[in-house]
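I opened my notebook to look around a protein chain, one feature at a time. Here is what I looked up, in the order I went.

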Amino acid sequence: MVGAQCGCKNKPAHDACGPLCGGASLPDPKKEVYGQTCDSWNFMSTYLSPAYGIEPTENPDIKSCEEQFADIAYACGCPDIKPPTEGCGTLCGEGLALPLPMKVVNARTCQDLELMSLFEKDTKECIRYEIFGTLCGCPRSDVYEEDCFKLEHLQNETYYFGAGGSAYSVSFDDDGYFAQVQSNGDLFVIGVFNGFDNNTVAMFGGGAPCGQYGPRSGSVSIVEDVLTPESNGASKSPEITYVIEPLVCVYQAE
């Protein structure tokens, strides 16, 4: 395949995975999916055989034809290609468009993350896409019409924040915790919720071990937002505005 791209007279595989759309032409060859044009993906698919991903390999990135190309064919507009019914679905839920499709979260655009979510059949991964949905601007239901925000509004809600290759989640109920979700899916619990200090700082302790530094711990400051004229006096949904690590394995958020 690489040789053909470089001008060599290599021939496509006779039993190739592609073309992407089978006997149909690509509706939009220049459309970009996962950073490459549909035309490029189509070319790649003609040099990969059905054995791709089936033969024993130690490369975890090697996938079967279907796993490698089904989502790409769907995004490229190939007819008769649909997401699996057991997939994680869209990031914002059925009928809701992505507010920020080109925002980069976890080194991917939100529209690429949504495509991955549609074709992700591992239910354990769906929680990660829920987090990405929040970071991509999907609307929350916890917007309050009262004059003032109250701490009890935090109950039974989970809040997310993205920073670099990690995402953070914070919840404030009896089973609440402050955690770091890394790009590879690893979860480090910074601490379990230990209540509020003077109603302004939520304390978290007893987190995952951190070598010689002991268990992780953290705190989340609760601060008041300035209402804008567009808010019409209603408090907006609470959100995490930053997460820092001023000391090793000690985290602060607001």
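**Entry 1: ground rules.** I take helices (H or I, at least four residues) and strands (E, at least two) as DSSP runs, numbered from the N terminus. This is a predicted model, in which local features need pLDDT of at least 70 and side-chain atom pairs count only at pLDDT 80 or more, while totals for chains, interfaces and linings use all residues. Residues are numbered from 1 along each chain as its sequence is written, and side-chain values use heavy atoms, with hydrogens and water left out.

**Entry 2: the overview.** I found five helices and 12 strands in the protein chain. Next I noted burial, where buried means under 20% relative accessible area, exposed means over 50%, and partly exposed lies in between (1.4 Å probe, protein chains only). Buried residues make up 38% of the 254 residues. I also looked up the accessible surface (Shrake-Rupley method, 1.4 Å probe; for residues, only the protein chains shown count as cover). For the protein chain this surface comes to about 14,900 Å², and 51% of it belongs to carbon and sulfur atoms. Then came contacts, meaning heavy atoms within 4.5 Å. Among contacts with a separation of 6 or more, 50% are between residues 24 or more positions apart.

**Entry 3: the sheet.** I count two strands as paired if DSSP finds at least two bridges between them. In what order do the strands of the open sheet follow one another? I read β5-β6-β7-β8-β9-β10-β12-β11, eight strands with mixed pairing. β5 (158-163) and β11 (243-247) stand at the edges with a single partner strand each, so one side of each has no neighbour in the sheet.

A reminder to myself: strands of a sheet pair through backbone hydrogen bonds, either parallel or antiparallel.

**Entry 4: strand by strand.** I followed some of the pairs along the sheet.

- β6 (residues 166-171) and β7 (residues 177-182) run antiparallel and are joined by five bridges; they form a hairpin with five residues between them.
- Ala 167 stands opposite Val 181 in β7.
- β7 and β8 also run antiparallel, with five bridges, and Gln 180 has Phe 188 in β8 as its bridge partner.
- β9 (residues 201-206) is joined to β10 by four bridges, antiparallel; Val 201 is partnered by Ser 221 in β10.
- β10 and β12 (residues 250-253) pair in the parallel sense over four bridges, and Ser 219 has Gln 252 in β12 as its bridge partner.

**Entry 5: two helices under cover.** I saw helix α5 (residues 126-135) lying across β5, β6 and β7, at about 75° to β5. Seven of the 10 residues of α5 are buried, so this helix is largely enclosed by the rest of the structure. The buried ones include Tyr 129, Ile 131 and Phe 132. Their cover includes β3 (104-105), α4 (110-119), β5, β6 and β7. After α5 comes Gly 137, with a positive phi near 95°.

For α4, eight of the 10 residues are buried, so it too is largely enclosed. Leu 113, Leu 115 and Phe 119 are among them. What covers the buried residues of α4 includes β1 (32-33), α3 (65-75), β3, β4 (108-109) and α5.

**Entry 6: single residues.** Is Ile 240 buried or exposed? With 12% relative accessibility, Ile 240 counts as buried. I located Ile 240 in the loop between β10 (217-221) and β11. Not counting residues up to four places away in sequence, Ile 240 touches Tyr 159, Tyr 160, Phe 161, Val 170, Ala 253 and Glu 254. Ile 240 and Tyr 168 are 72 residues apart in sequence, but 9.2 Å apart in space, C-alpha to C-alpha.

Asn 42 sits in helix α2 (residues 38-45). Asn 42 is buried, at 17% relative accessible area. Leaving aside neighbours within four places in sequence, Asn 42 is in contact with Pro 19, Leu 20 and Leu 26.

Leu 187, in β8 (residues 187-197), is partly exposed, with a relative accessible area of 47%.

Notes
Axes are lines fitted to C-alpha atoms, for helices over the stretch in contact, and angles run from 0 to 180 degrees between N-to-C directions.
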